[in-house]
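Me: I'd like to learn how to read the overall fold and the packing of a chain. Can you walk me through one?

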Amino acid sequence: MSHTVEKISGSSMTAFDAVLDNIILKPEPQAIYNRILVVPAYQGITDALLESKKNYEPGVYHYALDGSNLWESKLDSVIQRLLLVNESVFADPMLRRKADDFIIKRISNTRRWIRENLSTKRHQTKIREQLSAIGEAHSAYNTALKAQRYGVQTKFIDLTDSSSDSDQSFDAKIRNNLEDVDLSCELPVVAAYSSHEINNTCQHDRRYGDLTLSRIAAITDAKQAVIHKAHHLSSGDPVLIGEDQVSPMGDSSYQVVNQLSALSNEVIHPAALAELSQKNIDLRVKCTFEPDHPGTFISRSHRSTSHKVELVSGKEDVCALKIEMNNGCIDLKQLEQQIQLQSEFSLLHRYVKGKHVHCYFDCEAAHFGTILTNVKKLIPDSDVTIQQVALLSVLGSQIALEQTIKEGSNALKKNGIKPIHTYKSGNKNSVKFIVTSAQYRAASCALHDAFLQT
């Protein structure tokens, strides 16, 4: 098929008129089709159903697990939010009634299922799945219904399990749902959530829409994947550096964006990126509010013809683990597996020289003690230190490593910052600077100013 698979971000869905005008209706009539849309929940809905991504404030799911009857009243509050969304989306009372009836029935079925299975611990993950799917089904159904109002032939596709097909694989569900779809004259609108495991990555946690996007693109042999975000991929973090100081990223490579995705949840899930790269499917990231801007085009073949820094990114609170062996050697693979037993830990960088090992993990300071204990159990005859630092990466598909280290270190020193460590990648696409957490913002601005200010 000569088609694209396109995912809309949750933050974009908040401005649904822009999604309708700029993504669904804007293309020329012949370009409206030959696409598959993946639609997430409206911003904030999944937080209310599961928990807040920012402060972990509990949602319906956690009240249900606690055995409190409050989960039902919390679910009622979510229903009211969803109905208010419908009110804002549909001016036509008949369409609004149709949308209201759909989501009320959907939640009623979910509520009944939870009541029947709440006491069974083995259903805890399933409860999470059922709740999360509410938000995705709501927004996807609304999108398909609203587009029909403007003459677009749509098909709503819900990938969440039901009693009739719960044993189907994700791939089978996609193929079955698309089997009778003529992409040349019909636009499938897919709820981003699926209760299936995709590429060994469980879907019952956040950022699952990216995995749905990449798998559908791979299964259907799409010519391109597209992500519509509320903002451009930028040369730096606009919150830290200033919106007027950063600029949209140009073309880039999968190698660069893979490193960026490890540092920022605002890009694309690393597993989704890996699948697209493996299938050689190009990715374009566009801004919903600037539909005429080409956005950032990402491909395996991209390579800058000259040494060029494309962006600066990083993480403020990183676990820096330093190990010095007194006897023997370290089984690095076993060490990393031991540390990463808890899923919230991800390895950002590793450096080995002789008997010294430096590992940098993305995890909260509250878990440092756990990491230290695990390392000491595995290699008791060693000196281990652990501290909180900030990690910044200067990235580009081809950069001059030594020159970048020199210029970056000078820029930091001019701002009173002395790097704790610097590292260069073997594939010539990144240089990393380690500074104290307190210096993260200043260091980000200094590096961006040195390499990307025009």
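Me: What share of the contacts with a separation of 6 or more comes from residues 24 or more positions apart?

Reply: Contact here means heavy atoms within 4.5 Å. In this chain, 73% of the contacts with a separation of 6 or more join residues 24 or more positions apart. Keep in mind that this is a predicted model, where local features need pLDDT of at least 70, side-chain atom pairs count only at pLDDT 80 or more, and totals for chains, interfaces and linings use all residues. Numbering starts from 1 along each chain as its sequence is written, and side-chain values use heavy atoms, without hydrogens and water.

Me: How much of the chain is buried?

Reply: Buried means under 20% relative accessible area (1.4 Å probe, protein chains only). Buried residues are 53% of the 454 here.

Me: And which residues have the most contacts inside the largest nonpolar core?

Reply: The general idea: in soluble globular proteins, nonpolar side chains tend to be buried together. A nonpolar core is a set of buried Ala, Val, Leu, Ile, Met, Phe, Trp, Tyr and Cys residues joined through side-chain atoms within 4.5 Å. The largest one holds 48 residues, with Ile-24, Leu-49, Leu-75, Leu-131 and Ile-134 having the most contacts inside it. Helix 7 gives the largest share, nine residues; helices are DSSP runs of H or I, at least four residues, numbered from the N terminus.

Me: What does Leu-131 touch?

Reply: Beyond its neighbours within four places in sequence, Leu-131 contacts Leu-49, Leu-50, Val-60, Tyr-61, Leu-75 and Ile-114. There's also a second, separate core of 37 residues, including Val-38, Leu-211, Met-249 and Leu-283.

Definitions and conventions
Buried < 20%, exposed > 50% of the residue type's maximum accessible area, 1.4 Å probe, protein only. Helix = DSSP H or I, 4+ residues; strand = E, 2+ residues; numbered from the N terminus.
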